[in-house]
Amino acid sequence: MTGDIERIIREKIVKLGLKDTELVHFGSIAKLPTQHGEFDIIGFLSLRDMKDHTIIIRGNPIGKENVPMRIHSECLTGDAFTSLRCDCREQLEFAMDYLAKERYGILIYLRQEGRGIGLFNKLKTYTLQEMGYDTNEANELLGFNKDERSYLVAIDALKALKIQSVKLMTNNPKKVAGLCEAGIDVTDRIPVAIKPNVYNVKYLSTKSDDGHLMGSGDLYCQDESEEGTEE
Ligand SMILES: [Zn+2]
């Protein structure tokens with residue numbers, strides 16, 4: 001029976017046009033009806049960090065250009081428990097609503113809780129924030145960088161999905177720069193509009209100080225040759 005399931009999953013993965021790579025092992029695929037719309041969910045093991053991550057896809061984005069995409073880092077408190085301390089759940093829901101209206105698109109959900117410092121440490125930063133420190137200071141007091149996230153696993157996944165250009169849903173210029181550096185062309189940015197609340201206003205203002213765009217504004221890969229004299 002287990003053999004049958006494995007065979008069926010393999011067939012579905014192949015039919016979609018996916019192939020394992022050196023760093024990405026596709027392990028499961030299933031339909032995912034949600035409150036936002038209908039998607040498929042793909043589970044993969046990253047051989048880079050040995051964690052299981054997920055990709056939610058709308059339609060078939062494999063090998064497509066200008067794919068609407070969000071890279072979302074896990075936030076148990078926000079995504080699952082509806083915490084108002086951050087804006088993660090709102091961003092996740094924005095992305096799923098957006099993708100549900102598109103013909104194809106993807107959301108890569110990375111297992112890097114609390115800006116990559118892990119759940120327990122994130123909860124410790126909440127205590128520090130209650131003492132008056134901001135998100136960055138709290139991370140640094142615990143001995144971490146203010147942001148320990150990496151997008152290499154997402155880039156591995158994009159390459160496995162043969163996606164070379166994306167319209168990225170983000171307010172974070174560093175995410176755009178990271179993808180551009182890795183050779184994924186960000187052709188457009190889809191701003192993620194979040195309304196501040198009384199609990200996350202300080203968190204959002206720290207993000208803004210860190211360069212996150214809180215409104216519209218273009219972000220895309222700048223082709224260096226465009227600035228030169230060459231055509
Ligand atoms: Zn969060």
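These legends walk through several close-up views of the predicted model shown above. Residue numbers start from 1 along each chain as its sequence is written. Since this is a predicted model, local features need pLDDT of at least 70 and side-chain atom pairs count only at pLDDT 80 or more, while totals for chains, interfaces and linings use all residues.

**View A. The open sheet has 7 strands.** Their order is β1-β2-β3-β5-β4-β6-β7, and the pairing is mixed. At the edges sit β1 and β7 (185–190), each pairing on one side only. From one strand to the next, the twist averages 25°. Strands here are DSSP runs of E with at least two residues, helices are runs of H or I with at least four, and both are numbered from the N terminus. Two strands pair if DSSP finds at least two bridges between them.

**View B. β1 and β2 form a hairpin.** Strand β1 (residues 24–33) runs antiparallel to β2 (residues 38–46), and 9 bridges join them. Look for Val24, whose bridge partner in β2 is Ser46. There are 4 residues between the strands, and Gly37 takes a positive phi near 155°.

View C. Axes are lines fitted to C-alpha atoms, for helices over the stretch in contact, with angles from 0 to 180 degrees between N-to-C directions.

**View D. Ala157 sits in the largest nonpolar core.** That core has 44 residues, and Ala157 is among those touching the most other members, a group that includes Ile55 and Ile108. A nonpolar core is a set of buried Ala, Val, Leu, Ile, Met, Phe, Trp, Tyr and Cys residues joined through C-beta atoms within 7 Å. Leaving aside neighbours within four places in sequence, Ala157 is in contact (C-beta atoms, placed from the backbone, within 7 Å) with Val24, Phe44, Ile55 and Ile108.

**View E. Lys122 is in helix α5.** This lysine is buried, with 22 other C-beta atoms within 10 Å; buried means 20 or more, exposed 12 or fewer, and partly exposed in between, with C-beta atoms placed from the backbone. Not counting residues up to four places away in sequence, Lys122 touches Glu113, Gly114 and Ile117. Just after α5, Gly132 takes a positive phi of about 115°.

Key
Contact = placed C-beta atoms within 7 Å.
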